[in-house]
Amino acid sequence: MTKKKDEGATDDLVIEKAEQRIEAYEEMETASDARDETGEDAFRVMPMIPLRGLSIFPFMVLHFDIGREKSISALEKAMVRDQIVFLAAQRDAETDLPVFEDFYRVGTIAKIKQMLKLPGDSIRVLVEGISRGEIGEMVHELPYFKVRVREIAETDYDVIPNKVEALMRTALDLFEDYLDVNQKLPQDIFSSVVSVEQPGRLADIITSHLEIRTEVKQEILEAFDPEVRLERINDILTKEIEIIKIEQDINKKVRNKINKSQREYYLREQMRTIQEELGDDELIEDEIRDWLQQLNDLKLNEKIHAKIEKEIKRLSKIQPSSAEGGVIRSYVEWVFQLPWNKYSADEIDLKRAENILDEDHYGLEKVKERILEYLAVMELVDTLKAPILCLAGPPGVGKTSVAKSIARAAGREFVRMSLGGVRDEAEIRGHRRTYIGAIPGRVINGIKDAGTMNPVFLFDEIDKVGADFRGDPASALLEVLDPEQNREFTDHYLEFPFDLSKVMFITTANTTETIPRPLLDRMEVIEVPGYTEEEKANIAAQYLIPKQLKEHGLSPEVVHISEQTVHDIINYYTRESGVRNLEREIAGICRKSARRVVEKKSDKVNITSSNIEKYLGKKIFRYDVIEDEKMVGVTTGLAWTAVGGTTLSIETAMIPGTGQLVLTGQLGDVMKESARAGISYIRSIADELGIKKNFYTEDDVHIHIPEGATPKDGPSAGVTMCTAMISTLTGIPARQDVAMTGEITLRGNILPVGGVREKVLAAHRAGIVKILLPADNVRDLDEIPQTVRKKIEFVFIRHAKEALPHVLTKPVQANKPAAKKPAAKKSDTKKTAAEN
């Protein structure tokens, strides 16, 4: 009984407080109304109804529904009074219980024309906008919103200014265009709009018909100046017209695609019906069953098996003749064409491999030795995690044929991929299947062509790989050539890891300078040097001549090329480290010989040194230019190029001038610096060389290297240029049959250089009898063939002075020291001081 009594008392207390609150609101409203009636304020006090997602303009008749308790109370209060209400839009239409900060300050003072109660406690209200209004303050928020509003009168023009008239006409033209492109609005709206004469009202009525956001309409509502309002509405109309045109264009394209898809669907259904009548569906189902059986027989790992099985089952669910069906079919066929679990049986017999290498190649002893070591390791460990071999050397020395011989010696299939000029990463990793015409990369394609999982794969010309916006193939090769990564090489087309760990990768390059460092780090470089004249002659006799005679239908009994003729071809018609041009010249002889035989001018053709020009024309090169000749200011240097070594004739001259150093012959920066270092060294020892000290202020030194069209660079010509300048400055002739190479320092020290073997072979071809090399290059002497070492005298020097006795024809004479003047007497000194 006590508990019920307490609950009753609580209810009475709540009711009493609510009644007191309502009485307080009524008293506040009465006081506000009384104050408004006295006119003490410039504002009008009226109920406010918040609008969600809606804006109302003056002179606009519109109906809307309200259902919130505060809005209904404000409506009832306005109906009791003068039917005037203030309508303001909410900043966020999602707010159900707004407060004063949630409204825009500018709204519309409207008159309620009609109200109709609807089911569900909502009311439909018909209102007419009177004028703009701005909230001054919120009188109260309960039980409804009541605000003090300042009415904003519309600007009326007796005579409309020209600018405003222009803006009105522009707005009408744009609104007419807007109605033309917007099919949702009736065209008869324009007739009612064009009759409006007041600028501000014209802007309001146009805005009310636009399908734009509430925030944009609010901007027009808050623009009190009609001119500003018209400028803004013109901007909005222009933007909306452009947007509608873009939307219509997009919709048109979508409709065309939909119509095309519907047409294709209809045709596919017809085709499916025809196939069912013909029984083609059974063929497709049989093919899918065969593929699934074939997949099970491959016994792949779970991930790859699941991937391929998913694609096959997708094909069974779609129309096989569709575009997607063709892509899936090509993918599945590619997968089944790969040599899964097929390996060549390694037949590594070192003796047999050695015989094959000797049979295919003459010389190259170090290369053959390294390859046999490589094969021996393979036989012992049965895995291939050794570094990838990179055969580096000039063109025509047999790098590609060495790789073929390795494949033959190991009993494996051979695949070659040329990387010269490759710039697209997709050439290595393949294209993604999202692209039309996508195919796997050339690595996977090569494995498919080989038919085994362990071929010998040659990447030819790896030093000529490029890179552009399509990717960097060299970076893609890192995954292929890394034994730790290629076990799970992922081609973009296959989209699953493929094992390349059993593949024997070999690369070739002319130079390692252009190979990216990370890629070069994964390879073991084997230098394939150029051939000597004797080696070329033997290669021609044992390989090239029999090969070309056979290809041209000739025999050794019909065409005979003497040994001396071969040497003449090597010396006077070719200048290379390899034998490619030599074979080309032999082929030219065979062609002309074949013609003579066919025309029956001769039954047997003998090619000798005396008639070689009849078959090959005039001699192209002259190796007998460098003789035991002596010239002032001309020395012979040695240089390394990508195609082997070569000799350089360095010429110097002294001409009257201002002490300039002139360098010609298209020299690089390094070579120019070597020349400057040499002249600085000469200046430092001018007295020892018998050179006048002021030569660098009175004369210009000109250094020229012939064949100016060929760029030249490198530090190895430093000692040669220095010796040539000493010859010019001292007037002592220099021997032309003595060649030298080495980098010079400011102290005259000679530093070691590279490419010694190629340089020595070039000197040997040119008839050089003595070569000066840096002392630290004595270790490179073992790489030079024994036949060459017997014909050339090698002198190893540590200082530039040591080269002079070997190059200059006579010793240099040092300058005599100047005689010292006698010291002045003390008395003479005092006398001179007194006179001064």
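Visitor: What makes Cys-390 buried?

Guide: Buried means under 20% relative accessible area, exposed over 50%, and partly exposed in between, with a 1.4 Å probe and protein chains only. Cys-390 has a relative accessible area of 0%, so Cys-390 is buried. This is a predicted model, in which local features need pLDDT of at least 70 and side-chain atom pairs count only at pLDDT 80 or more, while totals for chains, interfaces and linings use all residues. Residues are numbered from 1 along each chain as its sequence is written, and side-chain values use heavy atoms, with hydrogens and water left out.

Visitor: Why is Cys-590 called buried?

Guide: Its relative accessible area is 0%, so Cys-590 counts as buried. Cys-590 lies in helix H20 (residues 580-598).

Visitor: How many disulfides does the structure hold?

Guide: A disulfide is taken as a pair of cysteine sulfur atoms within 2.5 Å, and the structure holds zero of them.

Visitor: Why is helix H6 described as largely enclosed by the rest of the structure?

Guide: Six of the eight residues of H6 (residues 214-221) are buried, and therefore the helix is largely enclosed. The buried ones are Thr-214, Val-216, Lys-217, Gln-218, Ile-220 and Leu-221. Helices here are DSSP runs of H or I with at least four residues, strands are runs of E with at least two, and both are numbered from the N terminus.

Visitor: What makes Ser-344 buried, and where is it found?

Guide: Ser-344 has 14% relative accessibility and therefore counts as buried. Ser-344 is in the loop between helix H10 (323-337) and helix H11 (350-360). Not counting residues up to four places away in sequence, Ser-344 touches Gly-411, Arg-412, Glu-413, Thr-452 and Asn-454, where contact means heavy atoms within 4.5 Å.

Visitor: Why does Ile-462 count as buried?

Guide: The relative accessibility of Ile-462 is 1%, so Ile-462 counts as buried. Ile-462 sits in the loop between strand S9 (456-460) and helix H16 (473-481). Its contacts, leaving aside neighbours within four places in sequence, include Leu-419, Leu-477, Leu-481 and Met-523. Ile-462 and Leu-477 are 15 residues apart in sequence, with 9.7 Å from C-alpha to C-alpha.

Visitor: Why are H3 and H5 called roughly parallel?

Guide: The axes of H3 (residues 162-181) and H5 (residues 199-209) cross at roughly 20° and come within 10 Å. Axes are lines fitted to C-alpha atoms, for helices over the stretch in contact, and angles run from 0 to 180 degrees between N-to-C directions. Angles under 35 degrees count as roughly parallel, over 145 as roughly antiparallel, 65 to 115 as roughly perpendicular and the rest as oblique. H3 and H5 are therefore roughly parallel to each other.

Visitor: What makes H18 oblique to H20?

Guide: H18 (residues 533-551) and H20 (residues 580-598) pack at an angle of about 45°, with their axes 10 Å apart. H18 is therefore oblique to H20. By class, their contact has eight nonpolar, one polar and three charged residues; Ala, Val, Leu, Ile, Met, Phe, Trp, Tyr, Cys and Pro count as nonpolar, Asp, Glu, Lys and Arg as charged, and the others, Gly among them, as polar.

Visitor: Why is H18 also called oblique to H19?

Guide: H18 and H19 (residues 563-572) pack at about 120°, with their axes 10 Å apart. That makes H18 oblique to H19.
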